[in-house]
Amino acid sequence: MNLKLSHKIILNFAVVLIIPMLLSVYLVSSDLAERSEREIDGQLAFTTKIVNRFFYRSLNTIQLQLNLLAETEKFRSALEKGEAGEITAVIKNWESKLNYSFIDVYSRKNSAAAAPNDSHGADSYEVFTSVHKTKFSPALTPSAEILGRVARGRNHSSIVFAGEQKAYFRCVIKTLENLRSSSSFIISVCVPIPNDSIDAIKDITNIDVTIYDENIAVLSTRFDPAGKRTTGVKISPEAVAALEKETSYRTSEKFLSEHTMNVYSKILDQDKSFRGYMCVIVPRELFAMASMYVINNLYIIMAISLLLATMSGYLLSSNIAAPLKEFAKIAHITSEGDFKQKVNIERSDEIGELATAFNKMGDKLDRYNESLKRKMFEVTTLYEVSQSMNFLNNKDQLLTIILTKMIDALNAEKGSIMLYNAEECLISCEMAVGYPGKFERRVKFAPGEGKAGQAFSTGNTIISNDIQSDSSFVRTQSTHNTDNVTRNMMCVPMKTKDEAIGVINIVNKKGGEGFNDDDKALAASLCTQAAMTIENARLYELSITDGMTRLYIHRFFQIRLDEEIKRSKRYSAPLSLVMTDIDHFKKFNDTYGHQVGDMVLIKVADIIRETIRNEVDIACRYGGEEFAIIAPQTGLEDAKRMAERIRIAVENAELAGPNGKSLKITLSLGISTYPINSTEKKDLILKADSAMYHSKENGRNMATHFSEVPETESKGGASKTESEGRPPARK
Amino acid sequence: MKKLLKSIFYFVFVMLFIISYSFIDIAKTTKVTFVVSGILQGNIVSYKASGEPYRGMMVGGMPFLISKISELRKKAQKNRSAFYLLDCGDDFPGTAHSYYSQCRAVVDTMNLMGVSAMLLGNREFDYGFEVLKARAAEANFPILAANVRNKKNGEPFGEFRDEAVFDVNNDGFKIAVLGITPPETLTDSTIKNVSEIAMKGETETIELFKKKAAESGADFTVALTQLDYEKDKALLDLLVKSGINMVVGLDFTNQMTGVRKAGETTLVALNGFAKGAQLTKIEILFDSETYKPFDFCAEVVPVVVNQVEPDGDCARVIADYLRKLDAIMNQVIGEAEVDLKRPFNEETNFGNLIADYMLRAASAEIALQNAGSFRADIDAGDVTVGDFYNALPFDNDIVLIEVPGHVLHDVIDTTCRRERGLLQIAGGAYSYDPNLAQSPDKTSSVITNFTIASREIELNRNYRVATNSFLSSGQGGYPQLKNCAIIECFDNLRETSMRFIREDKILRPVIEGRIIRTGVK
């Protein structure tokens, strides 16, 4: 069974109190029950004794009274006379002393013949005279045996039950014998036992008594609900059977919704002969009352204790288990990595202290976690940014990536990158992300001007979270747009080797917050990375670019051509190579000097760059005045058109020469196409070169595809190339 | 824990629903159950019914009556009905238990009944006003007597109240109960018992009640009376006209099985011979907003011994009284040498004995005792209080009145003409010939001879006649005696007689020709 702590506490309290209480109730109630049993026994024995004594006392009194009356001179003289009338008259006067119902005077049947001590005298007595005040019952007549016993000198007294459920005290005595007539008489007196005689017992003891003759109740202090005495009821056979063996028999019954204990016993005569039964009826509550009070009080105490135990258990459980439960819940949540949950217990005790400490620990962990997350985020961002940057050589793409990553990392809306242009001595916007409309490189600041200028000139990151009220903020046209309001701004200088190369502006932190120090630190890291990447990109660009023409150098050409041929092979795409040479370049040098020669080279390079497909075709300075153009995915015709376009553009271009002269330049171009002409790099170059020489030889200022070159010439042309990868000697 | 809270919530919700539903139900109707008891006439112990509809059955008795009332009360509570037990009075005196306990036995047991209000009946005065006041003080219920006033100052007695007001369900619905003691109390009772009281007029009583009821904000008014619907039409009309909502009265014809309407007034009747064997129950449905009654149902509730479980507490209280009474009843007061025969249509020794005692007690010239006063014979032998009480159970006093000779002659003539019950006489003798009643001259008397102190009656002189208070109040069929001047009131006839028996010790009354019937039977 899985019990919760709170249940365990309550159960513990309850058990600790209930078991002793139950034990005490059990012990006390059993003790009280025993005591009350003893008390009942004692009370019943006492009552039985009282009832018995009452009867004996009454019988004794009657007998004594009867003896006295029988001794009176008047009675004795009446007996001596032997006149029934006189005796009756005397007996009638006894009423005031005896309150009798019946008196019978017996005389010996044949007094002359029988001796006084005749052992057979029992049969020889007959009624001499009688006074019967009410209807006489034969049951009241003493038996011959009694008369015989009385005749032998043993007086008799007993309780006799006559018909109609009436009880009598009966005393039978023998008169004195020293009379002149030498005859003796036996007097039998029946005195009714009135109900109120036993009612007195009830009034005094509050105990009901019922007297039975051999089987029927003849006297009772009890009344049925109809107001009749409960006489005439038969004694239970069980009681009779039990009393044959025991002196008393006890039963319980419910009479008029009252539980009683009924104790039956026998009524015995002076001579111990059976005269009837007696039942003493005691209300159980008479005895049980005191015990009941005690037990009831115990029950009340138990109930209160149980209540208190449960309450205190509950209080304790709610004081300990409930906070523990809260702790367990929060600890579980914390273990899942959420350190923000707090234990909501505000108390001044130990649990309160524990809660405070726990919450502090949570706070610390949360902060630590947050900073870890931040660091992780920064590291990840840096890594991602650097990853992105490392694989990009295109500057614009690089700047876009740098900016996008920074805006994302700093949770901002938009941003821009400004790079320092040493020629203009200005920082100009090189890239912007998040601004509406097409990006134009027109925003420029002098170092120290505006926020970006300040950041650039000071080399420190500037955060302005309320930019609109910042006087040093310079509004550009875009920031006048109401939809595009700048709320806050962070300008981070990009530095390489302590030299600023530009500024990254991050604008409008999302979520309404401003930029903070964490953002500043991250931005600084990112900017350092960006600066390095931009610088690297710049250096790389420098390494593969011809310084004068700003076209790619020969080595780069070789590498790229290799790559492009491989790509064309992979994708089964055509690739064309255009080789070009400036016609009569030597003449320019010789006539106008090297400076003009250089200008011619720069001009041709510019025209080529502008004519070819940006980002697709690759223009290189092959050597001297020779240029090569790799045109990926370009077939024969397209390549011819491109070459022609270049030729015409150069032909049409005018170059201001010395003395206001306008110099005319023409180009000879040769084209070879992969895979029509060759699938090998070397061969492709050779064939393009061969085609170019065909153009030179056929009047210059023309573009020839190798496919147009006659078979014989092409072979001869090919032999003119000195070696792979090296430009041919200038003509 | 959540489950527990949930179940507690549902439990509370259901309980609220039930409670609100029960309130809605209560809001529609208010039920009030009235149970009418009364006319106990001291019968706290069950008895064998002699009249219909329970002839031969053991009926009544306080333990059974209380048990039945409890049953009705529980039933009413179950039906969410308010319960009021209205008692029509005439409860205290009437039996040996009442007499020898001076009504304590009745009041003690009635205190267990839960009476809401009891009417002060005329019989309540039977044992004297002091006894009544003492018992009224012991009663745990209000005894209403709006028309009973102190003769000296016209003020009400502190022991009684004019009305009772019940606040049903404690919600403002009030029921006012008026108690009108029978106006004939003054005339029907023994004068000494009512000497201190004055009766206020019914109209005045009802007006005062209406005023008080209005002041107390009663919505429903009840008049608790002993009026007989067949006979007391004037009072009934008065109550109906005055707008009393319900009149509780008595029905002696046994025709009215509970309830009927008279105009807007509901009439509820208790059997005038109920003696605890019968109750009347009426359940009235009231509109809970207007408190106007709109429906009722009524039933007569019998109290038959073997149909009800007796109330133990009451039975024990009664048993205590019975034990004490037994001791009294078993006391021997004398010895009868001859059987004492009660009279019917002839002179008997018992009749003569009692008439003689009346003459002796009142020092009158002549004594008259109605044969109906004797209820049992007494055998020769010891005479106990019980024997004598059974023989003369009515609590009448000896009254000495002054009767003109012609009225006396008329009274004797009346008794001689009756089929049952000849007046027993002492101090005089009369002979009659019932055949004379058949003679063409209807006005002629059936009395052939009427002597007082051995002298012919003088019609134009007044005689000092001792009789019992029943006859002197004009009851028993001799209205002529009602107008006769009362000279003096003496003690209870039975107790006075017993006092004489105790003095005489031996009783040997004889028939000595005081009443002689002549002519052919």
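The unreviewed UniProt entry lists residues 6–28 and 294–316 of chain A under "transmembrane region". In this predicted model, residues 6–28 of chain A are 100% helix and 0% strand, and the C-alpha atoms at the ends of that span lie 33 Å apart. Residues 294–316 of chain A are likewise 100% helix and 0% strand, with 32 Å between the end C-alpha atoms.

Chain A is in contact with chain B: 16 residues of chain A meet 20 residues of chain B. On the chain B side, the elements that give two or more residues are helix H2 (62–78), helix H9 (312–329) and strand S19 (381–384). H9(B) supplies the largest share, nine residues. By residue class, the side of chain B that touches chain A divides into eleven nonpolar, five polar and four charged residues.

Within chain B, a helix pair can be described by its geometry. Helix H7 (residues 202–216) of chain B and helix H8 (residues 233–241) of chain B have axes that come within 11 Å and cross at roughly 25 degrees. Angles under 35 degrees count as roughly parallel, and H7(B) and H8(B) are therefore roughly parallel to each other. The crossing in which H7(B) passes H8(B) is right-handed.

The contact between these two helices can also be followed residue by residue. H7(B) brings Glu202(B), Thr203(B) and Ile206(B), which meet Leu235(B), Leu238(B) and Leu239(B) of H8(B). The residues of this contact of H7(B) with H8(B) comprise four nonpolar, one polar and one charged.

Notes:
Residues numbered from 1 in each chain as written. Chains lettered and ligands numbered in written order. Predicted model: local features only at pLDDT ≥ 70, side-chain atom pairs only at ≥ 80, totals over all residues. UniProt positions renumbered as here; feature names shortened; annotations may be inferred. Helix = DSSP H or I, 4+ residues; strand = E, 2+ residues; numbered from the N terminus. Axes fitted to C-alpha atoms, helices over the stretch in contact; angles between N-to-C directions. Parallel < 35°, antiparallel > 145°, perpendicular 65-115°, else oblique. Left-handed = near helix turned anticlockwise from the far one by under 90°. Contact = placed C-beta atoms within 7 Å. Nonpolar A, V, L, I, M, F, W, Y, C, P; charged D, E, K, R; others polar.
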